[in-house]
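Here's a quick briefing on a single chain. Have a look at the model first, then we'll go through a few of its residues and the overall layout.

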Amino acid sequence: MNWLVLLVAGLFEVGWAVGLKYTDGFSRLWPSVGTVVAMAISVGLLGWAMRDLPVGTAYAVWVGVGAVGTAIVGMILLGEPVSAARLFSLGLVVAGIVGLKLSSAA
C-alpha cells in the first residue's frame, strides 16, 4: 500500500511541477491555488508513505517519479524537445526507481 501511496504522491508532484509553469510566478490566482494544493497533497502522501518505507528510498522514488513524469508531460503536452538521448536518460532514471523498489525490504 505504501508503494501505491508513494506513486500517487509522485503523480501529484508532476501536477505541481507542471502547474508552476501556469502560475506566472504565483501571480495568477487559480493556477497558484491548484499548484499549492497539489504540493500539499504530494508532500503529505510522501510523509504517509515514509511511515514504513526507508526515507532515502521513498524520497528518491518520489523525486524520480516526479522528474520522469514532468519530463514526459513537457514533451507530450508542452512541445519540449524529444530526442533519443532524453528518452534514454529518462529510461535510466526509471531503471534506478525500479532498482530501488526491488532492493527495498519494505
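Let's start with Thr-23: leaving out residues up to four places away in sequence, Thr-23 touches Arg-28, Pro-31, Ser-32 and Thr-35, where contact means heavy atoms within 4.5 Å. This is a predicted model, so local features need pLDDT of at least 70 and side-chain atom pairs count only at pLDDT 80 or more, while totals for chains, interfaces and linings use all residues. Residues are numbered from 1 along each chain as its sequence is written, and side-chain values use heavy atoms, with hydrogens and water left out.

**Thr-23**

- Thr-23 sits in helix α1; helices (H or I, at least four residues) and strands (E, at least two) are DSSP runs, numbered from the N terminus.
- Thr-23 counts as buried because its relative accessible area is 1%; buried means under 20%, exposed over 50% and partly exposed in between, with a 1.4 Å probe and protein chains only.
- The Thr-23 side chain also reaches the backbone oxygen of Leu-20 at 3.0 Å.
- Thr-23 and Met-39 are 16 residues apart along the chain, and their C-alpha atoms are separated by 13 Å.

**Ser-42**

- Over in helix α2 we find Ser-42, which is buried with a relative accessible area of 0%.
- The side chains of Ser-42 and Trp-62 are joined by a polar contact of 2.9 Å. A polar contact is a pair of N or O atoms within 3.5 Å; within protein, one must be able to donate a hydrogen and the other to accept it, and residues adjacent in sequence count only if both atoms are side-chain atoms.
- The Ser-42 side chain also reaches the backbone oxygen of Ala-9, at 2.8 Å.
- Setting aside neighbours within four places in sequence, Ser-42 is in contact with Ala-9, Phe-12, Glu-13, Trp-16 and Trp-62.

**Nonpolar core**

- The largest nonpolar core has 13 residues, and Leu-6, Leu-53 and Val-61 have the most contacts inside it. Such a core is a set of buried Ala, Val, Leu, Ile, Met, Phe, Trp, Tyr and Cys residues joined through side-chain atoms within 4.5 Å.
- Which elements give two or more residues to this core? They are α1, α2 and α3 (55–77).

**Nonpolar surface patch**

- There's also a nonpolar surface patch of about 1,200 Å², with Met-1, Leu-4, Phe-12, Trp-30 and Trp-48 among its residues.
- α1 (2–23) and α2 (29–49) each supply at least two residues of the patch, and α2 gives the most, with six.
- Leu-7 is another patch member; it lies in helix α1 and counts as partly exposed because its relative accessibility is 40%.

**Whole chain**

- The chain has four helices and zero strands, running α-α-α-α from the N terminus on.
- Taken along the principal axes, the C-alpha atoms fill a box of roughly 45 × 35 × 15 Å.
- Of the 106 residues in the chain, 33% are buried.
- Among contacts with a separation of 6 or more, 63% are between residues 24 or more positions apart.

How values were computed:
Patch = residues over 30% accessible without salt bridge, like charges linked within 9 Å, V, L, I, M, F, W, Y side chains within 5 Å. Areas by Shrake-Rupley, 256 points an atom, 1.4 Å probe, with all protein chains shown as cover. Salt bridge = Lys/Arg side-chain N within 4 Å of Asp/Glu carboxyl O.
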